[in-house]
Amino acid sequence: AIENPKKHVVIQTGPAPRAGIGECFDLPAGSSVTGQLNTALKRIGFDRVFDTNFTADLTIMEEGTELLLRLKDALLEKKPVALPQLTSCCPAWIKLIEHVAPDCLSYLSTCKSPQQMFGAIIKTYYAQKQGLNPADIVSVSLMPCTAKKFERERSEMHSSGLQDVDYALTTREVAKMIKEAGLDLPKLPTSDFD
């Protein structure tokens, strides 16, 4: 997709890989290489590099609003509601509840994870603002957990009518891409998110 000029390929990076990827380049654990990673991703060929923290903030706001509505229903309307409200940000956690404790599903927030919110925004709002056909956008995520690969494939993750996140990559997979491109991450100049 990166090499296809008809595709607009974007990547969102979660916070943990930005601190963990340095270890793949012999840096001390926790070394911050966010700016260098942004540069590497752009040099590899990603058209835009985005920060998943943007949609982490949206998720917090949405989950907070959902909790307030549940509390309002419980306290003011005296309606039965599932409390406490549990986060829906972790796909491994969701799968565990679905398989081991399905009677607790009503306690989960109905919000998508930051990865999935970002994918939905990329294929809708971003596509419209950039004048792009959503079908020509390839949405990639760099995440710390392999469960994000499973999450992106869930049937409900097609808000735009297309798959919200097309590929979920791990820290080690992106480190391998950077090395295969002949880039030395620690020596790269820094650049900002788009």
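Author: The lining of the second largest pocket divides into nine nonpolar residues, no polar ones and one charged. This is a predicted model. The lining residues are A1, I2, E3, V9, F46, V138, V140, Y167, L169 and M177. Two elements give two or more residues to this lining: β3 and β4 (167–169). The volume of the second largest pocket is about 170 Å³.

F46 leads on to the core. F46 lines the second largest pocket. F46 is also among the residues with the most contacts inside the largest nonpolar core. That core has 22 residues, and I21, L37, V174, I178 and L185 join F46 on the list of those with the most contacts. β1 (8–13), α2 (34–44), β3 (137–142) and α7 (171–180) each give two or more residues to this core. α2 gives the most, with four residues.

Take I178. Neighbours within four places in sequence aside, I178 is in contact with I21, F25, L37, A40, I44, L183 and L185. Another core lies apart from the largest one. This other core has seven residues, including F50, F118, I122 and Y126.

Now the largest pocket. Its volume is about 270 Å³. The lining here has 18 residues, with S88, I94, C111, E156 and M157 nearest the centre. These 18 divide into seven nonpolar, five polar and six charged. α4 (91–100) and α6 (147–152) each supply at least two of the lining residues. α4 has the largest share, three residues.

Definitions and conventions. Residues are numbered from 1 along each chain as its sequence is written. This is a predicted model: local features need pLDDT of at least 70, side-chain atom pairs count only at pLDDT 80 or more; totals for chains, interfaces and linings use all residues. Side-chain values use heavy atoms; hydrogens and water are left out. A nonpolar core is a set of buried Ala, Val, Leu, Ile, Met, Phe, Trp, Tyr and Cys residues joined through side-chain atoms within 4.5 Å. Buried means under 20% relative accessible area, exposed over 50%, partly exposed in between (1.4 Å probe, protein chains only). Contact means heavy atoms within 4.5 Å. On a 1 Å grid over the protein atoms alone, a cavity is a set of points where a 1.4 Å probe fits but cannot get out, and a pocket is an open set with protein on both sides within 12 Å along at least five of seven lines; lining residues have an atom within 4 Å of a point. Grid points are joined across faces, edges and corners, and a volume is the space filled by probe spheres set on the points. Ala, Val, Leu, Ile, Met, Phe, Trp, Tyr, Cys and Pro count as nonpolar, Asp, Glu, Lys and Arg as charged, and the others, Gly among them, as polar.
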